[in-house]
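Subject: Handing over the structure

Hi there,

Here is the structure I promised to pass on to you. Please open it alongside this message, and then read on for my notes.

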Amino acid sequence: MSNTDETPPVGLQDFYGGSQERTTVMLAAFEGWNDAGEAASDAVKFLSVFWQSEKIASLNADEYYDFQFTRPVIERLASGEKRIKWPSTRISKAEVPNSNLDVIFVSGVEPSYKWRAYTAELIALAKELEVDCILLAGALLADVPHTRPIPVTVTCEDSDLREELKVESSHYEGPIGIVGVLAEMAGLADIPAVSLWAAVPHYVGHSPSPKAQLSLLHRIEELLQAPLDTALLTDEADAWERGVDELATDDPEIAAYVRQLEEAKDTAELPEASGESIAREFERYLKRRRRD
(Lines give C-alpha, C1' and ligand atoms only; values in the text may rest on other atoms or scores of the structure.)
Protein backbone atom coordinates (compact mmCIF):
# COMPACT_ATOMS: atom_id res chain seq x y z
CA MET A 1 0.00 0.00 0.00
CA SER A 2 1.00 3.60 -0.45
CA ASN A 3 1.32 6.43 2.04
CA THR A 4 -2.45 6.65 2.13
CA ASP A 5 -2.38 3.90 4.77
CA GLU A 6 -0.95 6.38 7.25
CA THR A 7 -2.31 9.68 5.96
CA PRO A 8 -6.04 10.46 5.83
CA PRO A 9 -7.42 11.48 2.43
CA VAL A 10 -6.83 15.15 1.66
CA GLY A 11 -9.95 17.24 1.07
CA LEU A 12 -10.89 20.71 -0.04
CA GLN A 13 -10.94 22.15 3.48
CA ASP A 14 -7.32 21.03 3.93
CA PHE A 15 -6.39 22.66 0.63
CA TYR A 16 -8.10 26.01 1.26
CA GLY A 17 -8.44 26.09 5.04
CA GLY A 18 -4.96 27.30 5.86
CA SER A 19 -5.27 30.51 3.85
CA GLN A 20 -8.78 31.75 4.63
CA GLU A 21 -11.48 31.75 7.27
CA ARG A 22 -14.14 29.88 5.28
CA THR A 23 -14.20 27.67 2.20
CA THR A 24 -17.03 27.97 -0.33
CA VAL A 25 -17.73 25.09 -2.72
CA MET A 26 -20.30 25.02 -5.51
CA LEU A 27 -21.78 21.54 -6.00
CA ALA A 28 -23.71 21.01 -9.23
CA ALA A 29 -25.62 18.21 -10.95
CA PHE A 30 -28.08 18.28 -13.84
CA GLU A 31 -30.89 15.93 -14.77
CA GLY A 32 -30.70 14.55 -18.29
CA TRP A 33 -27.84 13.25 -20.41
CA ASN A 34 -25.25 13.58 -17.61
CA ASP A 35 -27.35 11.73 -15.04
CA ALA A 36 -27.73 7.97 -15.55
CA GLY A 37 -30.24 6.58 -13.07
CA GLU A 38 -30.55 10.14 -11.72
CA ALA A 39 -27.72 9.18 -9.36
CA ALA A 40 -25.94 12.54 -9.55
CA SER A 41 -28.99 14.79 -9.19
CA ASP A 42 -30.31 12.59 -6.37
CA ALA A 43 -26.96 12.86 -4.56
CA VAL A 44 -27.04 16.66 -4.72
CA LYS A 45 -30.68 16.74 -3.61
CA PHE A 46 -29.79 14.48 -0.66
CA LEU A 47 -27.06 16.85 0.49
CA SER A 48 -29.22 19.92 -0.04
CA VAL A 49 -31.87 18.47 2.28
CA PHE A 50 -29.34 16.97 4.72
CA TRP A 51 -27.66 20.35 5.27
CA GLN A 52 -30.96 22.27 5.09
CA SER A 53 -29.99 24.59 2.28
CA GLU A 54 -32.02 27.72 1.53
CA LYS A 55 -32.81 28.97 -1.95
CA ILE A 56 -30.86 32.08 -2.94
CA ALA A 57 -31.42 32.31 -6.72
CA SER A 58 -32.73 30.64 -9.86
CA LEU A 59 -32.11 30.97 -13.59
CA ASN A 60 -34.81 32.20 -15.98
CA ALA A 61 -36.41 29.04 -17.38
CA ASP A 62 -37.79 30.79 -20.48
CA GLU A 63 -34.26 31.63 -21.60
CA TYR A 64 -32.85 28.11 -21.54
CA TYR A 65 -35.51 25.40 -21.91
CA ASP A 66 -37.57 23.95 -24.75
CA PHE A 67 -40.83 23.17 -22.99
CA GLN A 68 -41.89 20.76 -25.72
CA PHE A 69 -38.80 18.68 -24.90
CA THR A 70 -38.54 19.27 -21.14
CA ARG A 71 -42.19 19.67 -20.32
CA PRO A 72 -43.60 21.39 -17.24
CA VAL A 73 -45.67 19.21 -14.92
CA ILE A 74 -48.78 19.98 -12.92
CA GLU A 75 -48.76 19.22 -9.20
CA ARG A 76 -51.38 19.20 -6.49
CA LEU A 77 -50.32 20.85 -3.24
CA ALA A 78 -51.21 19.62 0.25
CA SER A 79 -53.89 22.31 0.34
CA GLY A 80 -55.55 20.76 -2.69
CA GLU A 81 -54.53 23.56 -5.03
CA LYS A 82 -52.85 22.77 -8.34
CA ARG A 83 -49.76 24.49 -9.72
CA ILE A 84 -47.46 24.16 -12.70
CA LYS A 85 -43.86 23.24 -11.94
CA TRP A 86 -41.57 24.56 -14.67
CA PRO A 87 -38.14 23.15 -15.56
CA SER A 88 -35.60 25.34 -13.84
CA THR A 89 -32.19 25.63 -12.26
CA ARG A 90 -32.31 26.19 -8.50
CA ILE A 91 -29.42 27.64 -6.53
CA SER A 92 -29.37 27.23 -2.75
CA LYS A 93 -26.83 27.66 0.04
CA ALA A 94 -26.00 25.77 3.22
CA GLU A 95 -23.50 26.20 6.01
CA VAL A 96 -22.14 22.77 6.89
CA PRO A 97 -22.41 22.25 10.67
CA ASN A 98 -19.22 22.16 12.74
CA SER A 99 -17.03 23.26 9.84
CA ASN A 100 -15.79 26.32 8.00
CA LEU A 101 -17.50 25.10 4.81
CA ASP A 102 -20.28 26.76 2.81
CA VAL A 103 -21.88 24.83 -0.04
CA ILE A 104 -23.71 26.40 -2.98
CA PHE A 105 -26.02 23.82 -4.58
CA VAL A 106 -26.90 24.02 -8.27
CA SER A 107 -29.67 21.61 -9.17
CA GLY A 108 -31.72 21.54 -12.33
CA VAL A 109 -32.40 20.13 -15.76
CA GLU A 110 -29.76 20.29 -18.48
CA PRO A 111 -30.74 23.32 -20.60
CA SER A 112 -31.97 23.11 -24.19
CA TYR A 113 -30.56 26.43 -25.40
CA LYS A 114 -27.75 28.95 -24.95
CA TRP A 115 -25.27 26.76 -23.11
CA ARG A 116 -22.58 29.45 -23.23
CA ALA A 117 -24.87 32.05 -21.69
CA TYR A 118 -26.19 29.52 -19.16
CA THR A 119 -22.75 28.50 -17.90
CA ALA A 120 -21.54 32.11 -17.98
CA GLU A 121 -24.42 33.04 -15.69
CA LEU A 122 -23.49 30.27 -13.26
CA ILE A 123 -19.80 31.26 -13.32
CA ALA A 124 -20.72 34.90 -12.69
CA LEU A 125 -22.76 33.78 -9.68
CA ALA A 126 -19.83 31.67 -8.46
CA LYS A 127 -17.57 34.71 -8.68
CA GLU A 128 -20.10 36.86 -6.82
CA LEU A 129 -20.37 34.27 -4.03
CA GLU A 130 -16.56 33.90 -3.87
CA VAL A 131 -16.64 30.20 -4.71
CA ASP A 132 -13.24 28.55 -4.23
CA CYS A 133 -13.95 25.34 -6.12
CA ILE A 134 -16.73 23.75 -8.18
CA LEU A 135 -17.65 20.08 -7.74
CA LEU A 136 -19.52 18.62 -10.70
CA ALA A 137 -21.38 15.33 -10.22
CA GLY A 138 -22.41 13.11 -13.10
CA ALA A 139 -23.36 9.51 -13.81
CA LEU A 140 -22.93 7.41 -16.94
CA LEU A 141 -24.03 3.98 -18.13
CA ALA A 142 -21.14 1.52 -18.18
CA ASP A 143 -20.25 -2.16 -18.42
CA VAL A 144 -19.95 -2.71 -14.66
CA PRO A 145 -21.63 -5.34 -12.47
CA HIS A 146 -24.19 -4.29 -9.90
CA THR A 147 -22.68 -6.74 -7.39
CA ARG A 148 -19.41 -4.86 -7.02
CA PRO A 149 -18.65 -1.38 -5.63
CA ILE A 150 -19.80 1.30 -8.04
CA PRO A 151 -16.72 3.02 -9.53
CA VAL A 152 -16.51 6.80 -9.15
CA THR A 153 -13.94 8.52 -11.34
CA VAL A 154 -12.60 11.83 -10.03
CA THR A 155 -10.70 14.21 -12.31
CA CYS A 156 -9.38 17.76 -12.08
CA GLU A 157 -7.60 20.02 -14.56
CA ASP A 158 -6.10 22.40 -11.97
CA SER A 159 -2.56 21.12 -11.43
CA ASP A 160 -2.16 22.25 -7.82
CA LEU A 161 -5.50 20.89 -6.65
CA ARG A 162 -5.08 17.72 -8.71
CA GLU A 163 -1.77 17.00 -7.01
CA GLU A 164 -3.17 17.72 -3.57
CA LEU A 165 -6.21 15.48 -4.06
CA LYS A 166 -4.12 12.80 -5.80
CA VAL A 167 -6.46 12.55 -8.78
CA GLU A 168 -5.83 12.65 -12.53
CA SER A 169 -6.79 14.92 -15.37
CA SER A 170 -9.48 13.72 -17.75
CA HIS A 171 -8.40 11.96 -20.94
CA TYR A 172 -11.92 11.76 -22.38
CA GLU A 173 -12.58 12.90 -25.94
CA GLY A 174 -16.06 12.95 -27.43
CA PRO A 175 -19.52 14.43 -26.91
CA ILE A 176 -20.11 16.22 -23.62
CA GLY A 177 -23.06 17.53 -21.67
CA ILE A 178 -23.56 20.67 -19.63
CA VAL A 179 -21.33 19.27 -16.87
CA GLY A 180 -18.35 19.21 -19.21
CA VAL A 181 -19.09 22.70 -20.53
CA LEU A 182 -19.37 24.11 -17.01
CA ALA A 183 -16.05 22.49 -16.04
CA GLU A 184 -14.36 24.14 -19.04
CA MET A 185 -15.92 27.53 -18.29
CA ALA A 186 -14.82 27.29 -14.66
CA GLY A 187 -11.24 26.69 -15.72
CA LEU A 188 -11.32 29.71 -18.03
CA ALA A 189 -12.56 31.78 -15.07
CA ASP A 190 -9.72 30.50 -12.85
CA ILE A 191 -12.08 28.55 -10.60
CA PRO A 192 -10.77 24.98 -10.06
CA ALA A 193 -13.32 22.32 -10.98
CA VAL A 194 -13.41 18.71 -9.81
CA SER A 195 -15.58 16.24 -11.74
CA LEU A 196 -17.02 13.07 -10.20
CA TRP A 197 -18.58 10.41 -12.43
CA ALA A 198 -20.33 7.31 -11.15
CA ALA A 199 -20.54 4.28 -13.46
CA VAL A 200 -24.10 2.89 -13.42
CA PRO A 201 -24.65 -0.70 -14.65
CA HIS A 202 -26.23 -0.18 -18.05
CA TYR A 203 -28.60 -3.16 -17.74
CA VAL A 204 -30.26 -1.47 -14.73
CA GLY A 205 -29.78 2.16 -15.71
CA HIS A 206 -33.28 3.33 -14.85
CA SER A 207 -34.05 5.59 -11.90
CA PRO A 208 -33.50 5.41 -9.01
CA SER A 209 -29.97 4.10 -8.67
CA PRO A 210 -29.29 4.29 -4.91
CA LYS A 211 -26.04 2.32 -5.00
CA ALA A 212 -24.47 4.75 -7.50
CA GLN A 213 -25.91 7.68 -5.55
CA LEU A 214 -24.34 6.32 -2.36
CA SER A 215 -20.93 5.91 -4.03
CA LEU A 216 -21.03 9.52 -5.19
CA LEU A 217 -21.98 10.69 -1.70
CA HIS A 218 -19.09 8.78 -0.13
CA ARG A 219 -16.63 10.42 -2.50
CA ILE A 220 -18.15 13.88 -1.95
CA GLU A 221 -17.98 13.24 1.80
CA GLU A 222 -14.24 12.65 1.48
CA LEU A 223 -13.62 15.68 -0.71
CA LEU A 224 -15.61 18.03 1.52
CA GLN A 225 -14.39 16.40 4.74
CA ALA A 226 -17.94 16.62 6.05
CA PRO A 227 -19.54 13.56 7.72
CA LEU A 228 -22.84 12.27 6.36
CA ASP A 229 -25.50 9.99 7.78
CA THR A 230 -26.28 7.66 4.88
CA ALA A 231 -27.70 4.71 6.84
CA LEU A 232 -31.15 4.91 5.23
CA LEU A 233 -29.68 5.20 1.75
CA THR A 234 -27.40 2.25 2.47
CA ASP A 235 -30.48 0.16 3.23
CA GLU A 236 -32.05 1.33 -0.03
CA ALA A 237 -28.89 0.43 -1.96
CA ASP A 238 -28.86 -3.06 -0.39
CA ALA A 239 -32.53 -3.55 -1.29
CA TRP A 240 -31.82 -2.35 -4.85
CA GLU A 241 -28.99 -4.86 -5.22
CA ARG A 242 -31.19 -7.70 -3.93
CA GLY A 243 -33.87 -6.72 -6.42
CA VAL A 244 -31.41 -6.83 -9.32
CA ASP A 245 -30.14 -10.20 -8.04
CA GLU A 246 -33.69 -11.54 -8.30
CA LEU A 247 -33.99 -10.14 -11.82
CA ALA A 248 -30.77 -11.90 -12.82
CA THR A 249 -31.95 -15.15 -11.25
CA ASP A 250 -35.11 -15.09 -13.35
CA ASP A 251 -33.23 -14.38 -16.59
CA PRO A 252 -30.35 -16.76 -17.44
CA GLU A 253 -28.96 -14.40 -20.10
CA ILE A 254 -28.68 -11.53 -17.63
CA ALA A 255 -27.18 -13.86 -15.02
CA ALA A 256 -24.51 -15.03 -17.46
CA TYR A 257 -23.76 -11.47 -18.51
CA VAL A 258 -23.39 -10.35 -14.88
CA ARG A 259 -20.94 -13.20 -14.25
CA GLN A 260 -18.86 -12.04 -17.23
CA LEU A 261 -18.77 -8.50 -15.86
CA GLU A 262 -17.81 -9.78 -12.41
CA GLU A 263 -14.92 -11.80 -13.84
CA ALA A 264 -13.69 -8.82 -15.85
CA LYS A 265 -14.00 -6.56 -12.83
CA ASP A 266 -12.20 -8.94 -10.48
CA THR A 267 -9.28 -9.60 -12.82
CA ALA A 268 -8.70 -6.07 -14.10
CA GLU A 269 -6.44 -3.64 -12.29
CA LEU A 270 -9.14 -1.12 -11.38
CA PRO A 271 -8.93 1.68 -8.77
CA GLU A 272 -11.44 -0.14 -6.55
CA ALA A 273 -8.87 -2.91 -5.98
CA SER A 274 -5.98 -0.55 -5.24
CA GLY A 275 -4.31 0.17 -1.95
CA GLU A 276 -5.56 3.75 -2.12
CA SER A 277 -9.16 2.62 -2.32
CA ILE A 278 -8.80 0.16 0.54
CA ALA A 279 -7.18 2.84 2.66
CA ARG A 280 -10.02 5.27 1.91
CA GLU A 281 -12.59 2.71 3.00
CA PHE A 282 -10.68 1.99 6.22
CA GLU A 283 -10.30 5.70 7.00
CA ARG A 284 -14.05 6.22 6.46
CA TYR A 285 -14.76 3.30 8.82
CA LEU A 286 -12.51 4.79 11.53
CA LYS A 287 -14.19 8.21 11.24
CA ARG A 288 -17.66 6.73 11.63
CA ARG A 289 -16.52 4.59 14.55
CA ARG A 290 -15.17 7.69 16.33
CA ARG A 291 -18.47 9.52 15.71
CA ASP A 292 -20.49 6.57 17.07
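Below are some notes on salt bridges and on one pair of helices.

First, some ground rules. This is a predicted model, where local features need pLDDT of at least 70 and side-chain atom pairs count only at pLDDT 80 or more, while totals for chains, interfaces and linings use all residues. Residues are numbered from 1 along each chain as its sequence is written, and side-chain values use heavy atoms, with hydrogens and water left out.

Let's start with the salt bridges. The term stands for a side-chain nitrogen of Lys or Arg within 4 Å of a carboxyl oxygen of Asp or Glu. By this rule there are eight salt bridges.

One of them joins Arg 22 to Asp 102, with 2.8 Å between the closest N and O atoms. This pair links distant parts of the chain: Arg 22 sits in the loop between α1 (12–17) and β1 (23–31), and Asp 102 is in strand β6 (residues 101–109), 80 residues apart. Helices (H or I, at least four residues) and strands (E, at least two) are DSSP runs, numbered from the N terminus. Arg 22 is partly exposed at 30% relative accessibility, whereas Asp 102 is buried at 7%. Here buried means under 20% relative accessible area, exposed over 50%, and partly exposed in between (1.4 Å probe, protein chains only).

Lys 45 and Glu 31 also form a salt bridge, at 3.2 Å from N to O. Lys 45 belongs to helix α2 (residues 39–50) and Glu 31 to strand β1, 14 residues apart. Lys 45 is partly exposed, with 35% relative accessible area, and Glu 31 is partly exposed too, with 25%.

Within helix α7 (residues 210–224), Glu 222 and Arg 219 lie three residues apart, about one turn of the helix. Their salt bridge brings the closest N and O atoms to 2.7 Å, and both residues are buried. Elsewhere, Arg 148, Glu 262 and Asp 266 are linked in a network of salt bridges.

Now for the helices. The axes of α8 (residues 231–250) and α9 (residues 252–267) come within 5 Å and cross at roughly 115°. Axes are lines fitted to C-alpha atoms, for helices over the stretch in contact, and angles run from 0 to 180 degrees between N-to-C directions. Leu 247, Ala 248 and Asp 250 of α8 meet Pro 252, Ile 254 and Ala 255 of α9, where contact means heavy atoms within 4.5 Å.

Enjoy looking around!

Best wishes
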